[in-house]
Amino acid sequence: MKVNYKYASPSQCTQVNDKTTLGLSPDLSRDEKVSFSGKLKHPLLFRDAMLMLRDIVISDMSKKTKERPEYFAWLEQEIERRIKAHKEYVPNVRETLQKKIDVCDSELLLKNNEIKRLLEIQKNLQRQIDQYDAWKDYYKIERDFWKFIRDRDYSLWFVLDPVITVHKDQVSFEAFSIDESTYGCLSVAMDEFDLLQTPKLGTTNIDFSAKLEKEMQRFRSYTDVTLSINPEGFVIDNDIVPEYVEKKIDLPETWIKGFNQVSSAAALTGIEIELTPSDMYDICAFLRKHKEKKSPRYMKWILEPKKRVKIVFEPFGTVLTLNAVYNGSQKREEKIWGRRRWLVVEKLIPLSKAFHIRFLGFGMPQFIRADMGTMQMTVGFSSWSSNDWVKGTAFNIMAGFTGKGNYNDVYKLLKKERCLSMDEIFDNIKDTKDDKIKAGIGMLFRRGEGYFDIVKNKVRFRHLCNTPIPKELYEITDIESEVQKYSTLTFDNMKVKYTPQKEFIFSTTYNEGRWQQSNVTEIVIDQDGQITKLNCSCQKFKRGERNISEPCAHILALYVASFKLLRLKDLEYDKEYKINDIMEMLL
Amino acid sequence: MKNLTLQEKQRLWKQSINPIRKILLWGLDSKKNPCLLILYGEQKFEREIKSSPNSYYTEAYILEPIVTYTNYTIFHGVNGHLPSIPNTYYEKENNVLCYMKGYKTAYEHWYYDRTTGYRKVLEIDKKYIIKEFYNIEKNVSFNYYEKNTYTDYVSFLKSNQIKFEDFELIDEPSVLFGFKPDSLYYENVLNMFLKERLYTRKKCLSQFVNMQPSVEDYKQVLKSASIELACGIFQELTIKRNPILLETAKQIDESKVLWAKEAYHNGLKRCLKQYISIFDEKLMQEQKDFIYKTLPEMDFHIKRLKLNNKVLEGKELEEYLNRPYAYSNMYYIFGSQNLYKKNTYTDGKNIYNIKFKNTIQTAKAYKMADVIGKIAYYLDAPRTVYYLRGSGRTGAYKYYQRYLRRTIDRYKEEDEEKFITVAREMLTSYRDNDSLGMYSYFGDNFFFNRYFRNVIVENTASDELIWHRNINDIIYIAKNANASPVHEFCYAILKKANNQHKFDSYEIKELIDLSKIKYDKTAKLFIKILIPKLKMLPEFDTNIMISLMGVQSEKLQNAANEYFKRTNGKFSPKDVVDFLFLDTIETWYTVFENNINNFSSQEYIVFIKSLVEKSEDFIEQNIEFSERIIDLIQNSVEKVDTFSIKEKQELLHYFISLLLSIRKMPDFLFETMENIIFSIPYDLLKDTLNDIDLKHSRITEREYNIVSLLKSIKENILPKNSVILSILDTGSARLVKTLTKVIDKLQDTLTEKNTLLLILFECSVYALNKIAKSVFESMEIEKREKFHMILLDSPIEKAYQYGLEKLNDWYGNKVPKKFVLRMLEHPCVDVKSYISKKLEETFSNLNEAQPDLYIYYIKTLLYLPNRVSKSKEYIYKTIPEFLKYYPEKQKEIECILLDIGSTSIKIDSERALVAFAQIQKEVSSL
């Protein structure tokens, strides 16, 4: 999705005597002209929280598997150039070489004693040819490639500007990491500010450069720090013609989709555990100390009612017992992948009074809320960091965000009220079923027009982009509808097998009706919850790539259903369990 | 078949389906409106003809001479006008009559019957079936091969008392048309109304118009004419530009009386409009302008395509469509998707046939040959062919093709100039992806094949004299062609023309121009003619040389090099600037470099000024140079060092006035200007600036930086901090170098400017860091301490590390408290860790520490997982000391210690609990 940002001037931090102003330039291409000016009461806290938000944006735990079209275009040109050079020089060298070899051969017959010397000449000539070899500098090219990747990823920090929203009761800063897996939202309560002007509500992207981040590090408790959002920009000298800063960004569609999903997932209910700073310290210290090199890489949270929470770190098998006590009524186990992402919160340990962890269930995002008094930092982790293809489909189905509902009514209401709890929305929109309203709220989230505030449990109005996002990014796809349809049939003929390699083999047969051919689907899931093998007898799968890059609706439906069964224990190796056996074991 | 008699040969029928014969007659209905009666009869086979009596296959049939007419239909006219003669199809099997379109679009399937075997069944769309189709009850038979007149038919039908539904036959056509049988026009008029075949009717119409009838005669025809006939008359008059019926046309146009259904009547109005406007210059011009404006919209480029659930747009779509047979592969998609952008001729999904047809007819009527050529190209392109055929508009496609073919054929026969205009327009429009060279089942590229392909395939270039008569147009086409087959066509003709020595008289410049033709063979043809001429040239001509330099051909470039050397060529500075506009500048880099290197000082000044003068052209044409060209220009600035003082001053005056005026210039030129200004020695720059006023209006930041730096040099003051920051961020090396010089000269004033000094510490210019260090180290102690604290606050590593280093050097273990207090809230771990060691030594007591700040500090270090273990140890030692002075913070500290004490990290847990126990012990002992 192509987005154009326009700023009146670059954002800047100015310091006069003991007064520091953090001047943020808002995006002028938005309808709502946001403005704000307020003196911070705890500049150090704000500084450290904002620096942590920056860490979220640049955090990248993903494998570097993204397409690098610019690099490949360059590589292609480079190879072409080298081949051209090769073609240009080699024939001449080869010709000369051939002549010399011929001479050598004839002399070889005549002068046996000269053989060695002639071979030496041949070798030298060969070396000359090698000088023109197109692949001579392969390792240099490879090095250039990695440098290119590093430079490119670094530049993304300048690209993915955070979103700032001025609400009636707080100012929030939202950011999403470049690896599309970590979401951060810093909410600063209005009590934190001594307001210098009446704020104008709305959302904007802010020009938040690396230079500005350095300037923020100068915030001290003995200086007055003012946060200012000024649509007119910040021009110091009147003699200079102000120049607009324009950024044209091609935002990855998956990034937008991921941002919307994680920021809205907070609306879903789940298990909440309160951790002390020392608990978080323990987790981070363990992660800092141990770097896993093989699978499985999850941490298993063992939650037993009224008992201290235990975490098993695989593959080490180390158990960490936290101070926190689980207050739920049922024993549960939650497997968390991508645990190194948790290190992003370590900077907040000294600033926070407590950490609130929210698990939404297997395959769903997790949230950490750091309570810093007047400031609250919400960090959300998407669960499917390496399963891009399943990200959208699984989330929408599991979250129940299907259909449009009464989106128009919800949009109008929230645009007016800006921030309402679910119940308040239900009360305001009368004569409509709650399901429909919920679907409407889901659509609002998917369109990037709102997010769920986990701190106050309210839906907040916020436009993620300055232009409406394309339909493809929020509409329910055909495959999503199909998966929804098949989900009801998955358990009918489901079978599970557990292998000595500790892999689950799930299989099922979809009977879609008397006149339809039944389809046999099978997936193999490893200990990391990743699909390692898959197969389906349907035409769609057979016509496609026949691998994980092009799964059919049957495979997705089986996968969505199967993760509920991954917690099965004490299964016999290679024994086939039918669904009735499994249900019995679960009960 | 050889034994057949003459009569039998006349009745020979080679198809297996019996022919259906029709008789057209007129009459009046009960409303006294003229009507058309058509009788239908099947002509039966008399016998089969076989090649031999034993042969299984039938070769042909002999038809019976007598045809029995069994059915009839009646078409009713409106408001005194006859209906147009419809194209109908009689389906004998089901005894159904339909319009021909119904037959062509009918669903066809085979039905099996045990007795008769397979039988084809047609399912005709009901809307095409003619309801007024009746059986003739009595026997009506005529000999098909006898020439019966209208009256013969009428008298037979009347004598046999055959009645028709709401229809009464007219005895004599003159009653309807007003022309008596002895009239000059009778025969023609009768055929115009009566003949079954459209082209026979049209031929008769042309003959009638050529006989130059009077207005009254025309009016007589129009009185009862059908829409079809009236349209034909007005179109014929439009082409002939005959104003005879202008008034009548206006009357008909204004009249509200319909001649047929409204949709048909609109067709007549369209013809009338064309006819009327041809005699009104303004109207005609308006219509022509409209056609030219909307002409590109007739080219139906696909803008969006949904293929296999994937939407293709932009570059991706273009790539897909450029594949061979892309359009034929998506044959089934046409007409079902919104492929196009809405415009005058399409609603996005389908083409407005009437508007398309109207434009073609108008273009023909107004003799707009270029438009005809362009439309012919559009119809030749696969995108149009496959759209029209794929969306079931084959009829329309054939109609347009036929119409244009006839028009172009007529031009070819009668008006060569117009034909050549058509050819120019067509041939320059073809693109390589129009599949000109590919076989197509659907026969796209019809026009190219008809008029041009013979020259390529059958090598008829020398026979087709029309092209040789218009060789300049062929050259124009060759220059502007974009498709290889077109180039091949041009090459074939130009080659023959060259054999006839037609290019011997061409000037060198013209030949150079022709050598740039994109087609290799053609370019080589002209290079071959050009090189001997070039060798004959005795003197160097700059214009010829620059033209030669713009040619891509290596052979010609070698020839140009040879010419340059042979004639001792030399370029003026202005010519060298012109080089920069050549596409081949990279090839001529050495010539460019040699010229610049050999410039005298005056020539170099002229060169630089010419560069500046052309700056707008560089921006307009969006010219970008390679790095080595830019480097060459910028490195050439070194020449300024050898200039005399006067010359340097001249350049400086020129550039400063340029800088103060608001003039846009490309980046490389701006940097060159910057380099030239600051390559002038500092003292000379200062002296020269004394006479220059540096006042300016609002300028860009980049220009402002230069002006500010010049002002600083002139007035001996330091630039503003914002300017220094901006120069350090974005300035060129030369600008930073000059700034360093300015700061170096004015470093005495830096002691009072702490902010600037910090900037110099933090920047990445080594010389400036060095100046800052020497200024800092030579400061008075009081000022130094104040700045030292500022330096330690810096988030830049090299700045605060230097500050820490100096702390160690100057104070050793006795770091003053104010420094330590200041560093407590530093964001970097290194700094915090550093002071942890000093806390105990510098604080004999901790009564001066701000309690909240201290707690913030210890928390940020103690809660740092798995890092700064030694620092943590130091901190734990300071805690009991701190609590001596701030006992009210004991609870808060205890909470922290207990929290850390509960962690699983043994070393941290132990230290925290030991510190906790120590507090408990010490406090209780107090």
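Predicted model: local features only at pLDDT ≥ 70, side-chain atom pairs only at ≥ 80, totals over all residues.

Me: What is the secondary structure of chain B, and what percentage of its residues is buried?
Reply: Chain B comes to 48 helices and 14 strands. Of its 926 residues, 32% are buried. Residues 24 or more positions apart account for 68% of the chain B contacts with a separation of 6 or more.

Me: Why is α8(B) called roughly parallel to α10(B)?
Reply: Helix α8 (residues 227-239) of chain B packs against helix α10 (residues 262-277) of chain B at an angle of about 15°. Angles under 35 degrees count as roughly parallel, so α8(B) is roughly parallel to α10(B). Their axes are 9 Å apart, and the crossing is left-handed.

Me: Which residues make that contact, and how do they divide by class?
Reply: From α8(B) come Ile227(B), Ala230(B), Cys231(B), Phe234(B), Gln235(B), Leu237(B) and Thr238(B). Among those from α10(B) are Tyr264(B), His265(B), Gly267(B) and Leu268(B). By class, the contact of α8(B) with α10(B) has ten nonpolar, five polar and no charged residues.

Me: Which residues of α41(B) and α42(B) touch?
Reply: His788(B), Leu791(B) and Leu792(B) of α41(B) meet Ala799(B), Tyr800(B), Gly803(B) and Lys806(B) of α42(B). They divide into four nonpolar, two polar and one charged.

Me: How do you know whether Asn813(B) is buried or exposed?
Reply: Count the other C-beta atoms within 10 Å: Asn813(B) has 10. A residue with 12 or fewer is exposed, so Asn813(B) is exposed. Asn813(B) is found in the loop between α42 (797-811) and α43 (817-823) of chain B. Asn813(B) and Leu839(B) are 26 residues apart in sequence, and 9.8 Å apart in space from C-alpha to C-alpha.

Me: What makes β26 and β27 of chain A edge strands?
Reply: Five strands of chain A form an open sheet in the order β26-β25-β24-β23-β27, with antiparallel pairing. Strands β26 (531-536) and β27 (576-578) of chain A each pair on one side only, and they are the edge strands. Neighbouring strands of the sheet are turned by 15° against each other on average, direction ignored.

Me: How do you know that β23 and β24 of chain A pair?
Reply: Pairing needs at least two bridges. Strand β23 (residues 495-498) of chain A and strand β24 (residues 504-510) of chain A have four bridges, in the antiparallel sense. Tyr498(A) stands opposite Phe504(A) in β24(A).

Me: What packs on this sheet?
Reply: Helix α14 (residues 553-562) of chain A does, touching β24, β25 (519-525) and β26 of chain A. The direction of α14 makes about 50° with that of β25(A).

Me: How many residues does each chain give to the contact between chain B and chain A, and which element gives the largest share on the side of chain B?
Reply: The contact takes 23 residues from chain B and 28 residues from chain A. On the side of chain B, the largest share, four residues, comes from α45(B). By class, that side has ten nonpolar, seven polar and six charged residues.

Definitions and conventions:
Residues numbered from 1 in each chain as written. Chains lettered and ligands numbered in written order. Axes fitted to C-alpha atoms, helices over the stretch in contact; angles between N-to-C directions. Helix = DSSP H or I, 4+ residues; strand = E, 2+ residues; numbered from the N terminus. Parallel < 35°, antiparallel > 145°, perpendicular 65-115°, else oblique. Left-handed = near helix turned anticlockwise from the far one by under 90°. Contact = placed C-beta atoms within 7 Å. Nonpolar A, V, L, I, M, F, W, Y, C, P; charged D, E, K, R; others polar. Buried ≥ 20, exposed ≤ 12 C-beta atoms within 10 Å, placed from the backbone.
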